[in-house]
Amino acid sequence: SNRGSSGSSDSGTVKGSGTGSEVASYALQFVGNPYVWGGSSLTGGADCSGFVMAVYSHFGVSLPHSSSSQSSYGSSVSLSNAQPGDLVFYGNSGINHVGIYIGGGRIVHAKGRKYGITTDAVGYSSKRIVCVKRILK
């Protein structure tokens with residue numbers, strides 16, 4: 001696989017180290033931890049975009065704490081081509097939720113106060129899937 005970012009014309013690609021599957025397995029270690037609105041602590045509690053931000057910062061990638069802002073990073077892929085580590089963005093008008101694809105049609109995400117950080121089928125929500133973004137090449 002081509003890990004180099006030289007010669008990349010993709011404006012949105014972020015330099016970071018690691019692979020998407022490393023991102024997914026790292027993120028899965030935090031399942032069971034609490035959801036906290038506005039939080040970005042993998043152990044103390046995070047909201048959906050704070051969780052993504054904290055997971056990716058472990059791999060040297062700096063993302064904003066907002067799911068709609070995060071959706072402008074990376075390169076677009078179709079859901080059928082999603083790979084572990086890709087970000088799946090949800091919303092009906094605009095984007096208001098994000099999860100990390102872990103493979104097998106599932107995501108890990110900070111779902112809500114009642115659920116904490118958990119895994120779900122990618123189509124768990126009645127919200128539409130707006131886009132899927134690959135952050136690490």
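Residues are numbered from 1 along each chain as its sequence is written, and side-chain values use heavy atoms, with hydrogens and water left out. Because the model is predicted, local features need pLDDT of at least 70 and side-chain atom pairs count only at pLDDT 80 or more, while totals for chains, interfaces and linings use all residues.

The protein contains 3 helices and 8 strands, where helices (H or I, at least four residues) and strands (E, at least two) are DSSP runs numbered from the N terminus. Along the sequence these elements follow the pattern α-β-β-α-α-β-β-β-β-β-β. Of the 137 residues, 47% count as buried; here buried means under 20% relative accessible area, exposed over 50%, and partly exposed in between (1.4 Å probe, protein chains only). The accessible surface comes to about 6600 Å², and 47% of that surface belongs to carbon and sulfur atoms; areas come from the Shrake-Rupley method with a 1.4 Å probe, and for residues only the protein chains shown count as cover. Among contacts (heavy atoms within 4.5 Å) between residues at least 6 apart in sequence, 56% join residues at least 24 apart.

Turning to the sheet, 6 strands form an open arrangement in the order 3-8-4-5-6-7, with antiparallel pairing; two strands pair if DSSP finds at least two bridges between them. At the edges lie strand 3 (75-77) and strand 7 (116-121), each of which pairs on one side only. From one strand to the next, the twist averages 35°.

Strand 6 (residues 106-112) is joined to strand 7 by 6 bridges, and these two strands run antiparallel. Within this pairing, Val-108 stands opposite Thr-119, and Ala-110 has Ile-117 as its bridge partner. The hairpin of strand 5 and strand 6 has 2 residues between the strands, and in it Gly-104 takes a positive phi near 65°. Strand 6 is mostly covered, with 5 of its 7 residues buried.

Helix 2 (residues 48-57) touches strand 4 (87-90), strand 5, strand 6 and strand 7, and its direction makes about 50° with that of strand 5. Axes are lines fitted to C-alpha atoms, for helices over the stretch in contact, and angles run from 0 to 180 degrees between N-to-C directions. The axes of helix 1 and helix 2 come within 10 Å and cross at roughly 120°. Helix 1 is therefore oblique to helix 2, since angles under 35 degrees count as roughly parallel, over 145 as roughly antiparallel, 65 to 115 as roughly perpendicular and the rest as oblique. Val-23, Tyr-26 and Ala-27 of helix 1 make the contact with Phe-51, Val-55 and Tyr-56 of helix 2.

Leaving aside neighbours within four places in sequence, Val-23 is in contact with Val-55, Tyr-56, Phe-59, Gly-85, Ile-100 and Leu-136. Its C-alpha atom is separated by 7.5 Å from that of Pro-84, 61 residues apart along the chain.
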